[in-house]
Amino acid sequence: MSTIEDPAEDGLEVTPPKTWATGLPAVTHAMQYSLGQTSVRRTALTLLNINQTKGFDCPGCAWPEPAPGERAKNEYCENGAKHINDEATSRRVTADFFREHSVPELADKSDYWLNQQGRLTEPMVKRPGADHYEPIGWDEALGLLAEELRGLDSPDEALFYTSGRLNNEAAFLLQLLARAYGTNNLPDCSNMCHESSGSALQETLGIGKGSVSLDDIHHCDLVFVVGQNPGTNHPRMLSALEETKLNGGRVVAVNPLPEAGLIRFKHPQKARGIIGHGTPIADRFLQIRPGGDLALFQALNLLLLEAEDARPGEVLDHGFIAAHTTGFDDFVAAARKASWDDILDATGLTREEIEAVAELVLRSERVIVCWAMGLTQHKHAVPTIREVVNFLLLRGNIGRPGAGVCPVRGHSNVQGDRTMGIWERMPQEFLDALEREFAFTPPAAHGLDSVDAIRAMRDGDAKVFLGVAGNFVRATPDSEVTERAMRRCRLTAHISTKLNRSHTVCGDTALILPTLGRSDRDIQKGGEQFVTVEDSMSEVHASRGRLHPASPHLLSEVAIISRLARRTLGNRPAIPWEKFEADYDTIRDRISRVVPGFEDFNARVARPGGFRLPNPVNEGVFPTPSGRAVFTRNDFEMPHVPAGHLLLQTLRSHDQWNTVPYAMNDRYRGIHNARRVVLVNPADLEALGLADRSEVDLVSVWRDGAERRAESFRVVAYPTTPGSAAAYYPETNVLVPLDSVADISNTPTSKGVVVRLEAVRQDAVRREAAHT
């Protein structure tokens with residue numbers, strides 16, 4: 001019998017939000033969680049090896065490590081320590097567990113409870129009509145999956161989903177399997193987070209990645225941190241921003257909520273972070289309305305143009321603009337039409353606040369803009385990021401030291417997966433290189449992204465779903481629609497380390513295929529193996545597991561994919577899957593001949609710290625059709641919220657990694673013992689006639705007229721931007737309509753959900769009716 005209890009939601013405690021992040025409390029919480037999961041010895045092994053040159057890469061965020069000689073002995077953050085020891089847990093999920101708990105029973109458990117059960121230990125199958133998973137051997141499990149794949153009417157009826165936890169070698173093999181099988185249906189988690197970044201950057205700069213390095217951050221004059229919360233989602237970024245400040249740089253934070261880490265940072269490995277007051281981070285905090293960032297950068301661009309009018313030749317970098325850009329005149333004509341009434345309405349800021357930031361820009365030679373999902377998950381996300389590029393191009397802040405674009409990825413190898421070909425729309429040059437290397441013709445038709453994959457399952461057009469890592473049903477929008485769609489599949493299979501909600505939302509047949517974790521040693525016929533990852537700044541390096549695996553029945557992701565490929569494809573085309581499984585060097589040899597920038601891969605990644613992929617933008621080369629960076633015209637847009645409604649953004653709590661809560665707390669925001677809370681400005685509560693801590697249902701408003709309801713949330717008065725609200729995902733993903741997506745990128749609009757708050761009547765009649 002499990003001793004882990006599913007925590008109740010009735011113990012809400014609220015304390016004032018923190019005004020600083022990290023320090024000794026972060027160390028204490030990290031150690032408490034780690035030692036609660038595993039032994040002192042195992043904790044020491046993980047923490048001494050995480051993010052070290054001969055150790056393993058943190059499976060959490062994708063923030064880069066310093067150069068090999070500059071790393072601390074404890075090169076991790078609070079959340080990284082929690083995440084790696086959550087993976088290294090001594091708890092185990094065995095066949096006895098699945099005999100004890102039915103699938104319907106597991107479906108009623110919380111995300112927290114499911115994760116806390118521990119590591120999966122052997123393959124399991126739920127057969128048609130059954131309510132329980134039962135053990136199955138690897139040969140039978142992979143044979144069952146291969147038989148279903150071979151039996152489909154079209155390869156496009158299969159979906160191969162990937163989370164950013166996957167390593168480069170396994171990602172390359174997965175896309176190779178899918179394309180040799182005959183489909184480009186390779187949805188991934190990037191579709192739901194930074195797809196808008198890739199779309200905007202590809203159009204304007206010719207490459208869908210950031211252009212800056214860690215050293216650029218350190219030596220920048222001005223860093224914008226827009227729509228992101230480093231203190232929770234990538235805490236090691238605070239160390240980089242502290243270095244910026246100590247070198248004389250400045251930081252502007254743009255966010256609807258004040259975030260503790262951007263107010264003050266107490267470095268836990270420095271005396272000033274332990275006994276001192278720490279380092280103030282944000283010199284300016286713009287508390288913007290959600291979705292107002294496009295208007296903000298349009299305002300800054302207008303102010304730069306007006307400054308140039310006042311001081312001709314002193315503000316804009318005309319040499320750079322003439323030599324390296326196109327579309328400048330059209331951009332200027334559009335930019336000058338910006339309306340200050342619109343700007344102030346969209347941003348919720350004063351003109352004085354925006355002008356003060358513009359003055360900082362004018363005093364700064366090197367500017368970087370960092371952003372995350374606060375920008376990417378809006379309907380007008382792509383135009384917003386294009387406007388950020390316009391802002392940087394005006395003063396030549398692209399492609400030179402200390403300046404550039406910096407989309408910050410929140411998942412370990414999500415950028416590397418895309419580099420390896422995990423994308424439903426890989427360019428023809430990549431497909432041609434695959435054909436030359438492996439002697440088959442990959443399909444040319446674009447495949448399905450994550451949103452379209454849900455639609456295909458819902459409509460019966462996709463029948464087999466293979467998820468490699470991740471928790472698809474909890475990471476995606478419109479939860480009820482997604483779960484109904486998954487249950488329509490003939491077979492669902494998940495390659496996983498731990499139990500999650502996706503294992504309880506089953507097709508007619510369902511498989512759980514347990515795999516090694518990032519921290520586990522990987523021994524194959526060719527000896528001990530390592531894998532590689534790519535961080536947010538295009539650094540590629542090795543990762544070597546150090547722990548004894550959780551079970552002798554686990555296979556690596558490379559082994560699972562290779563064996564499935566052999567069972568599904570046979571020897572057509574002639575791809576050496578068995579050699580790939582035995583020796584990962586052979587995979588990297590093939591990658592070196594297919595993926596640009598990976599030439600001599602094995603030799604280069606053997607160097608301590610690995611190597612950085614080339615970025616043509618930093619060489620003054622823009623791989624756009626014109627060969628130049630592109631200024632764009634972006635029409636003014638902002639979310640429109642009816643009277644009596646709020647604009648909701650979904651977000652993580654501090655004690656959370658992606659869809660997995662590690663505790664029921666969000667201590668930086670002062671929320672304890674509860675997750676079903678909604679943060680609302682006190683003035684909005686008064687206008688809506690709601691009392692602090694009252695119980696409400698959240699109901700999203702969308703043009704299809706369907707009611708999407710998240711029940712029983714506690715209202716907490718909080719200094720959010722007026723007119724907005726915030727609540728934790730995945731509990732609120734149910735409110736995000738499947739068809740509410742960003743233009744161009746098709747990313748769900750999880751930061752711009754129009755909701756109304758319905759007070760819950762406490763009488764028994766309503767309770768009974770709701771239950772029925």
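Begin at strand β18 and select S496 together with P514: P514, in β18, is the bridge partner of S496. The model is a predicted one, in which local features need pLDDT of at least 70, side-chain atom pairs count only at pLDDT 80 or more, and totals for chains, interfaces and linings use all residues. Residues are numbered from 1 along each chain as its sequence is written, and side-chain values use heavy atoms, with hydrogens and water left out.

Strands here are DSSP runs of E with at least two residues, helices are runs of H or I with at least four, and both are numbered from the N terminus. Two strands pair if DSSP finds at least two bridges between them.

Next, select residues 491-496, strand β17, where six of six residues are buried. Buried means under 20% relative accessible area, with exposed over 50% and partly exposed in between (1.4 Å probe, protein chains only). Display the side chains: L491, A493 and I495 point one way, while T492, H494 and S496 point the other way.

**Strands β2, β10 and β11**

Move to an open sheet of three strands, ordered β2-β10-β11, with mixed pairing. Its edge strands are β2 (21-22) and β11 (279-280), each of which pairs on one side only. Select residues 264-266 to see β10, which pairs with β2 in the parallel sense over two bridges. Here T22 has K266 of β10 as its bridge partner.

**Helices α15 and α18**

Select residues 293-310 (α15) and 340-347 (α18), which pack at an angle of about 140° with axes 9 Å apart. The axes are lines fitted to C-alpha atoms, for helices over the stretch in contact, and angles run from 0 to 180 degrees between N-to-C directions. To find the contact (heavy atoms within 4.5 Å), show A295, L296, A299, L302 and L303 of α15 with W340, I343, A346 and T347 of α18.

**Helix α29**

Finish at residues 584-594, helix α29, whose buried residues are Y584, I587, R588, R590, I591, S592 and V594. At the helix start, select D583 and D585: a side-chain oxygen of D583 reaches to within 3.0 Å of the backbone nitrogen of D585.

Methods
A polar contact is a pair of N or O atoms within 3.5 Å; within protein, one must be able to donate a hydrogen and the other to accept it, and residues adjacent in sequence count only if both atoms are side-chain atoms.
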